[in-house]
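I opened my notebook to see what could be looked up in this model.

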Amino acid sequence: MGSAEPLTSAPLVQIASSLRRRRLSAVELVDAYTRRIAASAELQAFITPPDKRTRQEAQRAERRLARGERGALLGVPIAVKDLFATRALRTTVGSRILKDWVPRSDAAAVARLRAAGAIVFGKTNLHEFAYGVSTANPWWGIARNPHDSRRSPGGSSGGSAIAVVAGLCAGALGSDTGGSIRVPASLCGCVGLKPTFGAIPLNGTFPLGWSLDHAGPLTRTVDDAGVLLDVLSGGDAGRKSRRAPTRGLRVGVLKGSIVENLQPAVSRQVDAAAAALRRRGLRVREVAIPEMRWTVATQLVTLRAEASALHARWIRAQPRAYGADVRTRLQLGSLVAGADYVLAQRMRARIRAAMADLFHDIDVLLLPSTPITAPIVGERTVRWRSGAEPVDGALVRLTAPFNLTGLPALSVPFGEAAGLPVGMQVVGQWDDEARVLAVGRLLEAEAPTLTLPRKREREISR
Amino acid sequence: VPVTERELLSAAARAAGLRLSAADVVALLPAWKRYLALVEQLRAAAVPEETDGLG
């Protein structure tokens with residue numbers, strides 16, 4: 001068998017294939033990743049790193065592979081965001097309140113990964129209770145962007161994105177309530193897929209907003225995301241996407257007030273992505289969804305109310321057990337009037353209807369995943385010509401609309417700006433992940449993923 | 001009768017069963033004002049629809 005180190009940053013598909021062909025040892029791979037995790041502690045990617053039990057899992061996987069057993073992910077190390085319950089493995093949800101919770105069973109998504117042979121490879125850092133997009137976790141460490149450790153990786157699945165980009169696992173599981181898979185994928189430079197609402201079961205996943213929560217994969221390639229999607233959903237959209245025709249597909253490039261404020265470099269990449277798809281034979285035109293101007297308010301009221309309903313007892317009994325930002329959000333949510341929540345749901349229905357109408361005329365929608373590249377840790381405001389915008393609000397401005405509507409949305413790395421990755425978002429009709437992935441694959445082919453700075457890679461692979 | 005925004009927020013928090021310190025109120029106030037402004041946008045946008053059912 002060959003050395004594992006060169007394969008640590010390879011696509012999951014290649015790793016799985018090398019394991020199946022016995023060209024790579026699952027134990028050596030786990031050891032290589034474990035060394036890299038130790039060398040990249042500064043990034044704070046993990047709350048609970050893999051331990052000796054993980055190595056034992058790898059040994060079992062190796063025996064199964066030697067017997068000729070097959071499984072889509074047999075022996076493949078997958079890092080899991082620390083809000084998915086894992087049997088006999090601490091699950092903190094990034095909080096102090098649940099710091100000692102050891103679940104008795106796996107979340108459904110984790111059970112599906114294990115059933116496909118995956119090794120649960122540690123629990124990744126996240127924003128406390130997934131309620132924020134910085135992963136500056138007051139209890140478990142401030143996560144850092146692998147491209148520039150002064151910058152944020154985004155969140156809330158920040159640890160999962162770091163682990164994928166820094167080559168600390170083969171792929172990762174995340175969750176997305178307002179952009180928590182796609183935002184860190186965009187800021188760190190990996191693929192992040194939020195599938196259609198309900199496509200991946202959420203039993204055993206600690207909720208944030210019941211009507212907005214989605215689970216999904218973070219990976220190094222679109223193919224990898226398809227493989228994990230099929231395992232997690234029990235469907236075949238990933239497989240189908242590899243032969244889905246793309247020539248002649250109708251692409252709408254989103255215009256209008258919601259995308260008026262973009263960093264110039266991000267804006268240029270949108271134009272480049274549209275041009276690339278046109279060259280590939282897709283029919284590209286500009287579209288607008290006026291109702292999207294209500295998405296910020298609708299998402300805010302919906303999420304504040306739902307999260308505070310969930311945390312109602314704790315936020316009243318032990319407010320100091322929360323970090324400052326999450327405490328403020330939960331306290332604010334406790335003040336949302338029932339009538340305002342109903343109003344937001346009425347508006348949500350209008351937004352959903354507008355998007356359903358639009359998808360009669362287009363097959364996929366193209367827009368950036370985030371209007372900015374990775375901000376400096378602790379930066380609070382983005383300044384535009386038209387005024388200031390909170391960083392947290394800016395980061396989810398273009399992702400949250402698809403949590404409200406439940407449409408599948410993929411973030412794919414597309415070029416860079418001053419050494420930082422830019423993420424492009426492809427959104428499709430409900431249950432049309434196959435087309436979303438197929439178009440994502442075209443973008444991926446046009447713009448090679450930004451590699452880690454050499455200095456960082458040297459530090460990690462020492 | 002509450003008169004300032006801070007007092008209004010304190011009163012609303014008490015009614016919701018929250019125990020807020022003076023510092024908590026100060027921390028919460030900007031977010032609360034932003035929230036009220038956003039809700040106002042939604043109310044304004046919903047008005048034409050609300051009158052539909054009155055006829």
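Before placing any residue, I needed the naming of elements: helices (H or I, at least four residues) and strands (E, at least two) are DSSP runs, numbered from the N terminus. I also noted that this is a predicted model.

**Entry 1**

I looked for a cis peptide bond. One joins A:G155 and A:S156, with omega at about 10°. Where does A:S156 sit? I found A:S156 in the loop between β5 (141–142) and α5 (158–165) of chain A.

Next I checked phi. A:V93 is not a glycine, yet its phi is positive, about 55°. A:V93 also belongs to a loop, the one between β2 (77–81) and α4 (108–115) of chain A.

**Entry 2: salt bridges**

Side chains of opposite charge can pair when their charged atoms come close. I counted 31 salt bridges over all chains. One of them pairs the side chains of A:R36 and A:E5, at 2.8 Å from N to O. What does this pair tie together? A:R36 is in helix α2 (residues 26–39) of chain A and A:E5 is in the segment before α1 (12–20) of chain A, so the pair links parts that are 31 residues apart in sequence.

**Entry 3: where chain B meets chain A**

I turned to the interface. On the chain B side, 25 residues are in contact with 27 residues of chain A. The size of an interface is often given as the accessible area lost when the parts come together. Here the two chains bury about 2,300 Å² between them, and 64% of it is on carbon and sulfur atoms. Which residues of chain B lose the most area to chain A? They are B:L18, B:Y35 and B:L42, together 29% of what that side buries.

Then I looked for charge pairs. The rule finds 2 salt bridges across this interface. I noted the one between the side chains of B:R43 and A:D340, at 2.9 Å from N to O. I also counted polar contacts: 7 residue pairs between chain B and chain A, with both residues at pLDDT 80 or more.

Which elements of chain B supply at least two residues of the side that touches chain A? Both α1 (5–15) and α2 of chain B do. α2(B) gives the most, with 16 residues. By class, I sorted this side of chain B into 16 nonpolar, 3 polar and 6 charged residues.

**Entry 4: the largest pocket**

I moved on to open space. The largest pocket holds about 1,300 Å³. I found 47 residues lining this pocket, and the closest to its centre are A:R304, A:D325, A:R329, A:P390 and A:D392. Elements giving two or more residues to the lining are α10 (295–310), α12 (324–333) and α14 (391–396) of chain A, along with α2 (22–52) of chain B. The largest share, 6 residues, comes from α10(A). The lining divides into 26 nonpolar, 13 polar and 8 charged residues.

**Entry 5: the second largest pocket**

How much space lies in the second largest pocket? I read about 540 Å³. Its lining has 19 residues, and A:N261, A:V296, A:E389, A:R397 and B:R34 lie nearest its centre. β13 (387–390) of chain A and α2 of chain B each give two or more residues to this lining. By class I noted 8 nonpolar, 6 polar and 5 charged residues.

How values were computed. Residues are numbered from 1 along each chain as its sequence is written. Chains are lettered from A and ligands numbered from 1 in the order in which they are written. This is a predicted model: local features need pLDDT of at least 70, side-chain atom pairs count only at pLDDT 80 or more; totals for chains, interfaces and linings use all residues. Side-chain values use heavy atoms; hydrogens and water are left out. On a 1 Å grid over the protein atoms alone, a cavity is a set of points where a 1.4 Å probe fits but cannot get out, and a pocket is an open set with protein on both sides within 12 Å along at least five of seven lines; lining residues have an atom within 4 Å of a point. Grid points are joined across faces, edges and corners, and a volume is the space filled by probe spheres set on the points. Ala, Val, Leu, Ile, Met, Phe, Trp, Tyr, Cys and Pro count as nonpolar, Asp, Glu, Lys and Arg as charged, and the others, Gly among them, as polar. Contact means heavy atoms within 4.5 Å. Buried area is the accessible area (1.4 Å probe) that two parts lose on being put together, summed over both. A salt bridge is a side-chain nitrogen of Lys or Arg within 4 Å of a carboxyl oxygen of Asp or Glu. A polar contact is a pair of N or O atoms within 3.5 Å; within protein, one must be able to donate a hydrogen and the other to accept it, and residues adjacent in sequence count only if both atoms are side-chain atoms.
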